[in-house]
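Good morning, colleagues. I would like to take a few minutes to discuss a pocket and some aromatic contacts; please look at the model first.

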Amino acid sequence: ENPAGGRWDESESWLSPGITLPRQLLMCFFLSLSLAGVGCNSVEKKIYVHLNNTVPCVRLLNATHQIGCQSSLSGNVGVLHVLESEENLDWVLKTGPNPPYLVILESPLFTRPIMMKLKNGSSRVAGVAVVAPNANPPKGFSPHTTCPNENTGVYTEEYDPAFAHCNVTMWNPLGNGLSYEEYDFPIFSMKDDNDTQIIRQCYLDHNRAVNGSTPQYPLCAMQLYSHMSAVTDTATCMRRNDINFSISPEMVCDPLGDYNVWASTRPINNTAKGHKMFESVVILDSRSFFFDIAPGAESGVSGFVTLLAAAQALRNATQEAQPNRTILYTFFQGETFDYIGSSRMVYDMQSNQFAVDLDNVHSVLEIGQVGLRADSKLWLHSDPVSMKNSSVNNEVRKLIVNLQTASRGLNVSVEEPGFSQPLPPSSFQRFLRARPIPGVVIEDHQSAFTNRFYESMYDNAEYLNVSYPTNMTPEEQLEFVTETAKALTEVATMVARALYIQAGGAETQLSSINADPQTVTRMLYGFLVRTNNSWFQQLIPSDLASHLGKPTNFYVGVAQQSSEPTLLVQYLLANLTGSTPNITQDNCQNQREDEEDKESKHFYYYMWVQGAAPPNSTQREGYCVRSTVRLSKALSPAFDLRDYTSTNFSTWTESRWKSIKGRIFLVASHDLEMLTLGVGVGVLITSLILTYVISSKADMLFSAGREPANATY
Amino acid sequence: MTAAVFFGCTFIAFGPAIALFLFTIAREPLRVIFLIAGAFFWLVSLLLSSLVWFISVQISNKDSAAQQKGLLIFGVVLSVLLQETFRFAYYKLLKKANEGLLTLSQEETMPISIRQLAYVSGLGFGFMSGAFSVVNILADSVGPGTVGIHGDSQHYFLSSAFMTMAIILLHMFWGVVFFDACEKQRWWAVAAVVISHLIVSCLTFQNPQYVASLVPTYVILFLMGIWAFYAAGGSLRNLKLCLTCKDKDFLLANHRPR
């Protein structure tokens, strides 16, 4: 089973109707074997309410640690306690008479002090369920660390002791590090909907202590299942993966990973090496405390939507007047987890596994978080250490001048932070780690992040202000150009122009390079609100179309397959930068222009997409897209090198699990249970004695002289 | 912790049946065979009634609550009638089998009396019907939860167990009375058995007012018990003799291992 898609299957229980009426039962029995019961209330339904919309926190491991949460194999059971305030914690940790407790937290109470107290008092805590609010909190919240990817960026003690460990700038001051703690109880997130209403009601009805009295049994309890197979660290779990106890090996963990998406403005021979490049990169992934809620609006989407729009703006310009240098657009996956994507690409470049070598990378322009600009300002971050080298310094200066030139006439101003500051967490750091390459990282913050919800579940459409007037149909929303989209379009235009000059294009062409606000707004809608929209549907093949859901989850996931965001970005990039030659579906899917063509597949990648349906038809008209878009593996080199304690590369793995589910129910008092057992034992012993006595005296009891025929009595 | 509930309920529901089996049936292979055959006959009746039920539910209107309720009552009545029909069929079969056994046997008496057969087959019916009525409930009693989140009574498991015990014992008594009535051709007694079975089954429609179903069931159980006692050859005199232990000589004279 695939843990990344690890949905738990709802096992339909064995039926059984109301009490003991055997005939009623028997019918339900046979009925339920074949059909869902009609008019039968199964006992299970009388006891349990299963929770939908629960999202767990799962266990992740790296070279030295395990983080995340887990339950025992049979699930953790605890008496519900809705935490009303921090003072209320005493009931859970000290005074409450019925431990362990399963704590329901309203999101404002999901803070580090409270979670640490619960963690330390975990013998009295069976688990935690956090009610995710429908609106973002007013204050900031980031469960990430204050210094993201502290140890795998370029700023190590050897590189420059002054900049190591975020000494100069604490990038994420709101980070409370909750995501990187280990908990020995399960933590689930629940939407604020019917389920949580049932839980609250159940708590109020049964568990709430009124005026200091202790609540009476039966109490409302909850059970959370999220047992994780892996423990200790990546080295341990990878070793266990290799142990085969049975014919079908039981895996316990999988490396995190996915695919990077890249494309070039000039077709390059994928099999040949040594192309001269100028690279533009963005980060594609995000995470949050919980497993599959990672909206990453500001930390991921704002950046890559900008680059996608810029790539589209450059399509015509680069085809008409090809600049000297080829621009390489790269979208890195897994950067949140110690730069999985970029470290892999740099590693491949160094070991000549990639179409471009590292030596041929002229410079790098990275687009970071650009969605929340104050005063339309963008900040150009560069690396003070590599700029001590004068040639690098010159190139960086040129790049900055180019960016300033590009921003002219646009509602964007670019500035440098103005003091010697290291680079913010960025993929470019991994390039610098290998070789001093000139490069700039564009961000919307001067020093610390403006993003108050960095790598949290609130970093969503609402936070980026992607909102629509009420009463709009999804189709109208898709086309509606929001203010955020307009702002990002400006940034994209600026980036596209800068890329064009940097690649050696003529400045006279600049005014013709403009990003399309319509495309930007559609992409924002698609990635942040609803992937299943008519525009995305047109641009992707039919097998992917059926998987589209609601907002995208940007958690990188495990390495076996490419995730939805990767595929969507791949198809979007192909459609936005590629061309649509007139090729049959068969040739398209076989990567050739016509039957004799054997060369094109080295230069181009062909994909057959669904297309739109003409106005008076339901049949979509598919077409072929020819582009230079390709995927490259984003799996940490540590796993290829089998170096699971690597300090250089990411070693993150995700544990596997069998089932993730939660349910609430009542628990009976110990006294009632013992009473039942006592009555049972009493009935058994009484009937044993009585039967023995009667059967030993049966001869005379049932031999009423009238019937001597009973010879055997 | 809730293993306590599971064992408690199991002992309540099957305690008397297990005791009866251990002391009166297990030692004699022939009785074990007839017990299992009885259980099988009950199962066949169940199969038939569930077939009818299945078909009728398919053709009924599934959205109409009233229709479904009516269907349930119809199913119960049909099932009771089928069970009693099979009891009669089993009686007929046993008569035939007994004749056959008699011809095979070297002794001139039957190896097992029709009264014993009545008791054994009744218990077989009871075992199987008890198992079917309570096994699902027992499976869920292991926990961790208990009934009540939707406002149902906490005593669901306990009352289910007691109901099952009553059903098992009732089947035993019905078996004895039914066979006796057939032997003596007293058809009104057969009718009484069928009617009391119908009443007990329909009483469970009172649930979840457990008192309203359990109390009348136990009254019927008690009455049927007395009837079965007389039908099996018991009398007040014998009971008195037993209780006052004035029978020492009688016992000594007649005692033989059963």
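Let me begin with a term: a residue is called buried under 20% relative accessible area, exposed over 50%, and partly exposed in between. The model shown is a predicted one. By that scale, Phe23(B), with a relative accessible area of 23%, is partly exposed. Tyr692(A) also counts as partly exposed, at 49%.

I turn now to the aromatic pairs, of which the search over all chains finds 46. Tyr692(A) and Phe23(B) form one of them, an edge-to-face pair with 5.4 Å from centre to centre and 65° between the planes. Because Tyr692(A) belongs to helix α20 of chain A and Phe23(B) to helix α1 of chain B, this pair joins two chains.

A tilted pair is formed by Phe41(B) and Tyr90(B), with centres 4.8 Å apart and planes at 40°. Phe41(B) lies in helix α2 and Tyr90(B) in helix α3 of chain B, 49 residues apart, so the pair links distant parts of the chain.

Next, the second largest pocket, which holds about 1200 Å³ of space. It is lined by 39 residues, and those closest to its centre are Ile694(A), Phe702(A), Leu20(B), Met172(B) and Phe173(B). Elements giving two or more residues to this lining include α20 of chain A and α1 of chain B. By class, the lining has 28 nonpolar, 7 polar and 4 charged residues.

Finally, two charges over rings. Arg287(A) places its charged end over the ring of Tyr180(A), 5.1 Å from the centre, and Lys661(A) lies over the face of Tyr225(A), at 4.7 Å from the ring centre.

Definitions and conventions:
Residues are numbered from 1 along each chain as its sequence is written. Chains are lettered from A and ligands numbered from 1 in the order in which they are written. This is a predicted model: local features need pLDDT of at least 70, side-chain atom pairs count only at pLDDT 80 or more; totals for chains, interfaces and linings use all residues. Side-chain values use heavy atoms; hydrogens and water are left out. On a 1 Å grid over the protein atoms alone, a cavity is a set of points where a 1.4 Å probe fits but cannot get out, and a pocket is an open set with protein on both sides within 12 Å along at least five of seven lines; lining residues have an atom within 4 Å of a point. Grid points are joined across faces, edges and corners, and a volume is the space filled by probe spheres set on the points. Helices (H or I, at least four residues) and strands (E, at least two) are DSSP runs, numbered from the N terminus. Ala, Val, Leu, Ile, Met, Phe, Trp, Tyr, Cys and Pro count as nonpolar, Asp, Glu, Lys and Arg as charged, and the others, Gly among them, as polar. Rings of Phe, Tyr and Trp (its six-membered ring) pair if their centres lie within 6.5 Å; planes under 30 degrees apart count as stacked, over 60 as edge-to-face and the rest as tilted. Buried means under 20% relative accessible area, exposed over 50%, partly exposed in between (1.4 Å probe, protein chains only). A charge sits over a ring if NZ of Lys or CZ of Arg is within 6 Å of the ring centre and within 35 degrees of the ring normal.
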